[in-house]
Amino acid sequence: MELEKLVGTEITVNTNAQPKTISTSGKILIGLTGGLGIAFSVICGPFVAPAFRKYCLPYVPATTTQLENILSVLKNSDKSGKLLDIGSGDGRIVVAAARNGFRSDGVELNPWLVQYSRISALTNGVSSRTGFYRKDLWKFDVSSYKHIVIFGVEQMMAELEKKLNVEMKNDSQIIVCRFPLPNLKASRIIGGGVDTVWVYNIKKPL
Ligand SMILES: C[S@@+](CC[C@H](N)C(=O)[O-])C[C@H]1O[C@@H](n2cnc3c(N)ncnc32)[C@H](O)[C@@H]1O
């Protein structure tokens, strides 16, 4: 009544109107887009997650030149000790080291990259000489490794250097790609620019 007075017109209500329903194809479309959205988040989530950590270490695979520089160091290294790639990505360094006679492991946070690495090791015939751990590198004990490879970011290198200094044994070796360790003196520097590789020898009092 009040509303009628205000607008000055008669309001009619159609009591026979049917409630609107969603067609089957509409429901399928909603389900598909929802499902695709969830699948996209599940797959992409682990690639975005590093951005929210203390040190943002994104997935950037080693270049062919970087890999060649690492292998040139390993060519003259003691193969009796195990190798670890910290933040092993798609496993290319671990697989290449295993193909060159090393028992090698990778530690990697991204579950898709860990699965990919295992398949890559299998197709390259080195799965029995490789291991891939889905773990946080900061919580991973590196003391059993003689050779450590790391392609990190500049911001994390000081803290990583401390961890490696504490955990690594005498006569072990660190191979660093792109960003050097801030305090240790490199025994060798190979290549240049973004493909530079630094080699450090850990010498501890016995
Ligand atoms: C720069 S990429 C290097 C990949 C590989 N080492 C290579 O050279 O091809 C760094 C990798 O570290 C992984 N990562 C980032 N934060 C990590 C963490 N806290 N623990 C383990 N892996 C991590 C990323 O997912 C990424 O694959």
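Where is the place of Ala62? In this predicted model, Ala62 sits in the loop between H2 and H3.

**View 1. Ala62 in its loop.** Here we zoom in on Ala62, in the loop between H2 and H3. With 22 other C-beta atoms within 10 Å, Ala62 clears the cut-off of 20, so the residue counts as buried. Skipping neighbours within four places in sequence, its contacts are Leu67, Arg92, Ile93, Phe151 and Cys177. Lys139 is another story: 77 residues along the chain from Ala62, with 23 Å between the two C-alpha atoms.

**View 2. The shell around the ligand.** Ala62 turns up again here, as one of the closest residues to the ligand, along with Leu57, Gly87, Gly89 and Leu137. In total, 22 residues surround the ligand.

**View 3. Helix H2 and its kink.** H2 runs over residues 24-48, which makes 25 residues. From first C-alpha to last, the helix reaches 35 Å, close to the expected 36 Å at 1.5 Å a residue. Look for the kink of about 30° at Val42, shortly before the proline Pro46. As for cover, there is hardly any: the number of buried residues in H2 is 0.

**View 4. The largest nonpolar core.** This core has 36 residues, and Ala97, Ile148 and Val176 have the most contacts inside it. Elements giving two or more residues to the core are helices H3 (64-74), H4 (92-99) and H6 (157-167), plus strands S1 (83-86), S4 (147-151), S5 (172-177) and S7 (197-202). H4 provides the largest share, with 6 residues. Zoom in on Ala97 and, leaving out neighbours within four places in sequence, you'll find contacts with Leu74, Leu83, Phe102 and Ser104.

**View 5. Asp171 and its positive phi.** Asp171 is not a glycine, yet its phi is positive, at about 70°. Its spot is the loop between H6 and S5. Asp171 has 13 other C-beta atoms within 10 Å, so it lands in the partly exposed class, which lies between the exposed limit of 12 or fewer and the buried limit of 20 or more.

**View 6. Arg178, another positive phi.** Arg178 has a phi near 70°, again a positive value in a residue other than glycine. The residue lies in the loop between S5 and strand S6 (188-190). Why is Arg178 buried? Because 20 other C-beta atoms lie within 10 Å of Arg178, and 20 or more is what it takes to be buried.

Key:
Residues numbered from 1 in each chain as written. Predicted model: local features only at pLDDT ≥ 70, side-chain atom pairs only at ≥ 80, totals over all residues. Near = placed C-beta within 6 Å. Helix = DSSP H or I, 4+ residues; strand = E, 2+ residues; numbered from the N terminus. Expected span 1.5 Å × (residues − 1). Bend = angle between axes of the 7 residues up to and from the residue. Core = buried A, V, L, I, M, F, W, Y, C linked by C-beta atoms within 7 Å. Contact = placed C-beta atoms within 7 Å.
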